[in-house]
Amino acid sequence: MNSGRSRSLAAMLTLALGAGTVAGAGLLGPPAWAAGDLTGTYTLDSTGIWTGQQVTLTENELVDGTPDSVAERTVDWGDGSPVQALPAGATKATHKYAAVGSYPVTVKLTDADGEGTATITNASATVQVSTAIGSYKFAVASNWTWADGGATAKLLLSGVPATATRVWVDWGDGKTSLLGPKTAATTHYYPVGVHAAKITLENAQGRTTPVTTRGYTVKVDETRPTSTLTVPGKPTRASSWKTIQGTAKDGQIGMDSVGVQLWKWTATKDYYFNFSTRKWVRYTPGKTKIPNAAVTWRGVDAKGVWRVPVPGLGKGYSLEVDYVAVDRAGNDSGWKYKVQKLTS
């Protein structure tokens, strides 16, 4: 320097802490001294963010003792990205962090006043980047449907950070849902195929890197259910058939119901059972029209058992039980029947 007098050059980086950071950040590092006063004060809006979010650096004050020259201001974000120069007149710079880590942020001021170049790099402030927490999964991994059908998937959300203000769900089929941070579950209808959802959190620092759930599979159920009739221990006794029952099971989409139709006859007379009136009705071939009430549809319990109470059975009749199981995809077991002569 040839001016014969001492001129100072100082740069100060001050960080304003955001949510989840350690309080107490302030003036960082001692000033450096050189020709021409050049000082700057800068703040970051947060030093604790999630991957995919950004921080904003704000210039609060810039004092340049050599107004005939232009102070160059650059920011090194500490993550290996190119150093960013602030355009003339700009007082803010933003940067997004893609990976977990600890990144020192450095502001550099340079002034060329004709007598040399004075540069100062202040002590760094550090941005801590972590992965957004939370658990996001479908209640079941797969579901079954009929051809050209679909299934309603239930997505469970837990552990969403209290500092998140919005939760975005990209369902992977072109549709998106916006949820509140306290939402515990939501549903979405999927067609046949394999699907996955992407969860993105948001707060004042922007949106996070999406978290992808495990796949949810909607499959076409093309397998028939199975059905059986339970024959009582004394099948020739009419009283043994007061309640007709059996089992039905489906290994995929699950059972819908079992259809049952009942007949009885002697050598000269035929009857069908009307489940609406709960009476046996005389049947004449070629003349009697069989109503819908001649068939009853019964659900199954947790063990797959179906039951039908039947009155009016007695000695001397032959009993026929027709039954079929249908699953929720519309597949059926095919009609089966059992004929039993009642002798007592």
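**View A. Two buried aromatic residues, Trp-263 and Tyr-272.** Trp-263 is buried, and Tyr-272 is buried too. This is a predicted model. The ring centres of Trp-263 and Tyr-272 lie 6.3 Å apart, and their planes meet at 65 degrees, so the pair is edge-to-face. An angle over 60 degrees counts as edge-to-face. In total, the model holds 11 aromatic pairs by this rule.

**View B. Phe-273 and Trp-280 form an edge-to-face pair.** The centres of these two rings are 5.1 Å apart. Their planes stand at 65 degrees, so Phe-273 and Trp-280 are classed as edge-to-face. Phe-273 is buried. Trp-280 is buried as well.

**View C. An aromatic cluster of Phe-138, Trp-171, Tyr-190 and Tyr-216.** Ring pairs link these four residues. Tyr-216 also falls in strand S22, which covers residues 216–220.

**View D. Charged side chains over aromatic rings.** Two examples are shown here. Arg-207 lies over the face of Trp-168 and is 4.0 Å from the ring centre. Lys-264 places its charged end over the ring of Tyr-317, at 4.3 Å from the centre.

**View E. An open, mixed sheet of 3 strands.** The strand order is S13-S22-S18. At the edges are strand S13 (142–145) and strand S18 (193–195), and each pairs on one side only. Neighbouring strands of this sheet are turned by 15 degrees against each other on average, with direction ignored. S18 and S22 pair in the antiparallel sense, over 3 bridges. Within that pairing, Gly-193 has Val-218 of S22 as its bridge partner.

**View F. An open, antiparallel sheet of 3 strands.** Here the order is S23-S24-S29. Strand S23 (226–229) and strand S29 (305–309) take the edge positions. Each has a single partner strand, so one side of each is left without a neighbour in the sheet.

**View G. The pairing of S24 with S29.** Strand S24 spans residues 243–249. S24 and S29 run antiparallel and are joined by 5 bridges.

Notes: Residues are numbered from 1 along each chain as its sequence is written. This is a predicted model: local features need pLDDT of at least 70, side-chain atom pairs count only at pLDDT 80 or more; totals for chains, interfaces and linings use all residues. Side-chain values use heavy atoms; hydrogens and water are left out. Two strands pair if DSSP finds at least two bridges between them. Helices (H or I, at least four residues) and strands (E, at least two) are DSSP runs, numbered from the N terminus. Axes are lines fitted to C-alpha atoms, for helices over the stretch in contact, and angles run from 0 to 180 degrees between N-to-C directions. Rings of Phe, Tyr and Trp (its six-membered ring) pair if their centres lie within 6.5 Å; planes under 30 degrees apart count as stacked, over 60 as edge-to-face and the rest as tilted. Buried means under 20% relative accessible area, exposed over 50%, partly exposed in between (1.4 Å probe, protein chains only). A charge sits over a ring if NZ of Lys or CZ of Arg is within 6 Å of the ring centre and within 35 degrees of the ring normal.
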